[in-house]
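Look through the structure before going on.

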Amino acid sequence: MKSSFTKKTLIASCIFTALSVNAAETEANHSTTQVPQSESKTSYNFYGELGIGGHTALEGDSKGRYSDGTYIEAGLAIEHGNWFGLAYMEGWTVQADDEGNAWATGHGWGGFEGGFNRFYAGYRTDGKTEFIVGRNDSSLDDIQWWGDATVEYGYAISNTRDVNFGLKIQNLDGKFRYSVTAAPKSDFSEDDAWINFGKYDKFADQWIDKNAMVNGYVQYDIIDDLTLLAGAEARDNSGGELVILGAEYKNVAARVWHDTDKGNQESFGSETGFQTSGWYEAAPGVYLSAAYNYAKFDSDIEPNETRSYINAGVWYEYGNGTYATAFDTKFAVGDDNMNDDAQLFIMQYFYW
């Protein structure tokens, strides 16, 4: 699910008390001739997830046809004192028809594509400020689904997501949190990829001709359970600017945005959007969610496009967070003139 509903709490006071008592007991026996042992230890964490399932059209010419969404991703996180790093790979299946055309909904499995989504190193100060360099998610990508508690079909704003190489500075601790990412223009493509899974693998092409950009956000908890969000992105080469504002109170959130050029590629127009979302814990591990999504693209050369739809679903998490089963649906409403046919999403997740 896009939003995490589980939190772990450390009993810091107990740990601090135990350390203080231990220090008091051993202080008198300390030998000045003994070389102090380094408290820095290197830790490794291998984690990931597997999702099996996909989408089915509920109406229209493609009614009943299945679009596979199966994927796998995994990474190795390393920490040593204030230093940390991550190597994270992801990949998914590619459907193809009898002629070999990729992404042909309703046909057989044609191959696999994937690669390194994140590969970076970072340093965290004692004040929790982090400096991260390498292949990474942009700051706005980190909050891509902020305020959207639904399972799958919430509207994705058109910020720059993954960057081939960038610098991120952030502090996510406390009531006031921020993150800023800057990245130069990228011409990285599948020809430059470190790993290739075959003729259908176009994973690395996502970094072709990406404009240089800077994006970031701030969040502030005004009171308990009430958080405000403000974010922005600026792109060079007439790539436009994006502004996003949001508010979240307990289980309900809303956000609005305006993009003067609707993303990194040529679009010849601007987009304005709104989304409101909410969720409810119906039983332990069972979450119901729904959202209304609206986005209008004012084109300079084509008829305007309007997307207006609702989506609602269920997220069921069990096995101490090892498994989750998810459902989501979406239906066009109002003056929508661009949405695909009504869709059903079903996915089984496995985490480690």
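Predicted model: local features only at pLDDT ≥ 70, side-chain atom pairs only at ≥ 80, totals over all residues.

Q: Which residues form the nonpolar patch on the surface?
A: They are Phe 176, Val 218, Tyr 220, Ile 222, Ile 223, Leu 228 and Tyr 249. Together they have about 630 Å² of accessible area.

Q: Where does the largest share of the nonpolar patch come from?
A: From strand β9, residues 213-223, which supplies four residues. Val 218 sits in strand β9.

Q: What should I expect for phi?
A: Most residues other than glycine have a negative phi. Lys 128 is not a glycine, yet its phi is positive, about 75°. Asn 320 is not a glycine either, and its phi is positive at about 55°.

Q: Where do Lys 128 and Asn 320 lie?
A: Lys 128 is in the loop between β5 (108-124) and β6 (130-137). Asn 320 is in the loop between β15 (305-318) and β16 (323-332).

Q: Is Asn 320 exposed or buried? What about Lys 128?
A: Exposed means over 50%. Asn 320 has a relative accessible area of 85%, so it is exposed. Lys 128 has 42%, so it is partly exposed.

Q: How many salt bridges does a search of the whole structure find?
A: Nine. The test is a side-chain nitrogen of Lys or Arg within 4 Å of a carboxyl oxygen of Asp or Glu.

Q: Which side chain meets Asp 221 in a salt bridge?
A: Arg 177, at 2.9 Å, N to O. This pair links distant parts of the chain: Asp 221 in strand β9 and Arg 177 in strand β8 (residues 176-183), 44 residues apart. Buried means under 20%. Asp 221 is at 19%, so it counts as buried. Arg 177 is buried too, at 13%.

Q: Which side chain meets Arg 235 in a salt bridge?
A: Asp 259, at 3.0 Å, N to O. Here the link runs from strand β10 (residues 226-235) to strand β12 (residues 252-259), with the partners 24 residues apart. Both Arg 235 and Asp 259 are buried.

Q: What are the relative accessible areas of Lys 262 and Glu 271?
A: Their side chains meet in a salt bridge at 3.8 Å, N to O. Lys 262 is partly exposed at 26%. Glu 271 is buried at 1%.

Conventions
Residues numbered from 1 in each chain as written. Heavy atoms only, no water. Patch = residues over 30% accessible without salt bridge, like charges linked within 9 Å, V, L, I, M, F, W, Y side chains within 5 Å. Areas by Shrake-Rupley, 256 points an atom, 1.4 Å probe, with all protein chains shown as cover. Helix = DSSP H or I, 4+ residues; strand = E, 2+ residues; numbered from the N terminus. Buried < 20%, exposed > 50% of the residue type's maximum accessible area, 1.4 Å probe, protein only.
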